[in-house]
Amino acid sequence: MNVEFSTKAEKLQPGSAGALLYVCSDACPCAQHSAHEAAQLLCAALEEGQSFACTQIAHQGGLQAVAVLRVKDEERATLEKAAKEAAAWAQKQENVKIDVSAFDGVEAPRVAEVLALALGEAVYRFERYKKEAKPAKLQQAEFYHPDSNLAAALAVAEAQTYGMNIAKDLGNAAPNECTPEFLADTAKAEAKKLGAKVKIRGKDYIKANMGSFWSVAKGSRQKPYLVELSYFGAADKNEAPTVLVGKGITFDSGGISLKPGLNMDEMKFDMCGAASVIGTFCAAVKLQLPINLIAIVPTCENMPSGVANKPGDVVTSMKGLTIEVLNTDAEGRLILCDALTYAEQFKPKAVIDVATLTGACIVALGHDVSGLMGNNQALVDDLLAASLEVNDKAWQLPLFDTYKEQLKSNFADLPNIGTPGAGTITAAMFLANFTEDYPWAHLDIAGTAWKSGKEKGATGRPVPLLLNYLRNV
Ligand SMILES: [Zn+2]
Ligand SMILES: [Zn+2]
């Protein structure tokens with residue numbers, strides 16, 4: 001985290017050093033809350049539909065950047081859009097003072113939180129393979145409000161940004177660096193840094209106990225790992241934990257059912273479920289949430305080789321169900337099913353798995369909305385509500401019994417792919433066979449975990465959704 005957030009219980013003085021940002025609401029006559037003449041002029045000149053303006057004024061023998069942000073309404077999405085504009089300006093300043101005193105004690109923390117999150121996004125860079133790094137200038141952001149305590153809101157923004165940055169860094173790392181071992185080591189180091197517990201199981205355990213997971217891992221020269229992070233923050237340490245499970249395929253070539261070459265580099269992002277689970281875990285621990293939380297990450301590569309899974313192979317899962325591998329590219333569910341069985345031992349309150357699972361999810365929901373399914377409507381509803389609050393969008397798809405007809409094998413208990421149609425749902429239906437013992441939800445983030453094209457990179461989603469859910473429970 002490069003920016004430091006802090007809060008001051010006063011109004012921003014026009015004479016203060018650093019860049020100044022005055023945030024005002026639609027209704028506010030700016031002359032009232034800002035004593036700064038330049039800000040008043042900027043605000044008065046804002047045209048209909050315009051929310052941000054900036055200028056530079058002479059100040060103590062130099063130039064001072066002054067900006068105003070007018071927030072139209074209280075919708076999170078509108079607020080985020082406006083904050084993004086201000087953050088693009090702020091990341092070019094070294095030190096920004098932000099006055100949110102136009103808002104009342106309820107609104108101000110919300111506005112500060114969204115602004116702080118936008119600053120966190122704007123200063124994020126991934127340049128570790130580049131000769132010349134071009135970091136953002138912004139080092140410090142100070143928030144001003146006379147009668148509201150913004151510290152809690154800023155702590156949430158800071159923790160969420162911290163978690164998202166872990167997820168982005170892992171996602172963006174090249175697959176020759178971010179191997180299963182690297183993913184496991186990073187998870188361990190991050191959890192240890194925060195005082196959480198770590199257990200890592202290696203190849204021997206996986207080979208002996210998790211036949212389905214091992215069947216995917218065995219085709220690669222990289223060794224697989226099963227990472228288990230735990231944090232007991234609830235007053236009752238024996239209280240049933242929430243368990244997060246993340247798909248950690250550090251590169252998905254498709255295996256023998258090889259993927260086409262175009263954009264295959266983006267298959268390094270196939271561990272974004274794992275990355276978001278690790279990031280969310282760290283954010284929750286950083287906030288010292290009063291919950292018991294376990295994160296489980298099965299991680300390996302999916303590669304073609306002489307010992308790789310072949311179409312037609314039948315493997316035995318940890319649960320004992322046999323699986324016919326009809327397509328080796330449907331490997332995510334093969335590693336997740338064993339991790340979901342592994343989760344049973346914790347007698348969890350709820351299990352949420354997160355995975356870049358199906359291309360079909362992009363067909364159904366596009367790149368802004370994650371697919372959400374589950375066997376417990378109360379859990380799904382809680383996740384939907386949490387998603388809405390932080391504008392990290394998800395939409396529920398049904399798991400009707402009739403879809404079971406699409407998952408029949410003549411040779412094993414289950415095939416690893418269904419008949420054509422509803423590929424996101426049949427993938428979840430496959431997983432549902434392994435989650436009968438607890439409330440379970442599944443997030444398909446194939447469309448939302450990373451961006452392609454000019455903005456190629458990991459998004460850090462759905463850390464906002466998951467962290468907000470954990471804060472609510
Ligand atoms: Zn695949
Ligand atoms: Zn995959």
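## Helix 5 and helix 14

A helix crossing is left-handed if the near helix is turned anticlockwise from the far one by less than a right angle, and right-handed if clockwise. In this predicted model, the crossing of helix 5 and helix 14 is right-handed. Axes are lines fitted to C-alpha atoms, for helices over the stretch in contact, with angles from 0 to 180 degrees between N-to-C directions.

From helix 5, Gln160, Gly163, Met164 and Ala167 meet Val463, Pro464 and Leu467 of helix 14; residues are in contact if their C-beta atoms, placed from the backbone, lie within 7 Å. By class, this contact of helix 5 with helix 14 comprises five nonpolar, two polar and no charged residues (Ala, Val, Leu, Ile, Met, Phe, Trp, Tyr, Cys and Pro count as nonpolar, Asp, Glu, Lys and Arg as charged, and the others, Gly among them, as polar).

Six strands form an open sheet in the order 1-6-5-2-4-3, with mixed pairing. Helices (H or I, at least four residues) and strands (E, at least two) are DSSP runs, numbered from the N terminus, and two strands pair if DSSP finds at least two bridges between them. Strand 1 (4-8) and strand 3 (52-59) are the edge strands, each pairing on one side only. Neighbouring strands are turned by 20° against each other on average, direction ignored.

Strand 2 (residues 19-25) pairs with strand 5 (residues 95-99) in the parallel sense over four bridges; Leu20 stands opposite Lys97 in strand 5. Helix 2 (residues 37-45) lies across strand 2, strand 3 and strand 4 (62-71), at about 40° to strand 4. Helix 3 (residues 76-90) lies across strand 2, strand 3, strand 4 and strand 5, at about 175° to strand 4.

Strand 12 pairs with strand 13 (residues 322-324) in the antiparallel sense over three bridges, and the bridge partner of Val314 in strand 13 is Glu324.

## Basis of the model

Local features need pLDDT of at least 70 and side-chain atom pairs count only at pLDDT 80 or more, whereas totals for chains, interfaces and linings use all residues. Residues are numbered from 1 along each chain as its sequence is written, while chains are lettered from A and ligands numbered from 1 in the order in which they are written.

How values were computed:
Two residues are in contact if their C-beta atoms, placed from the backbone, lie within 7 Å.
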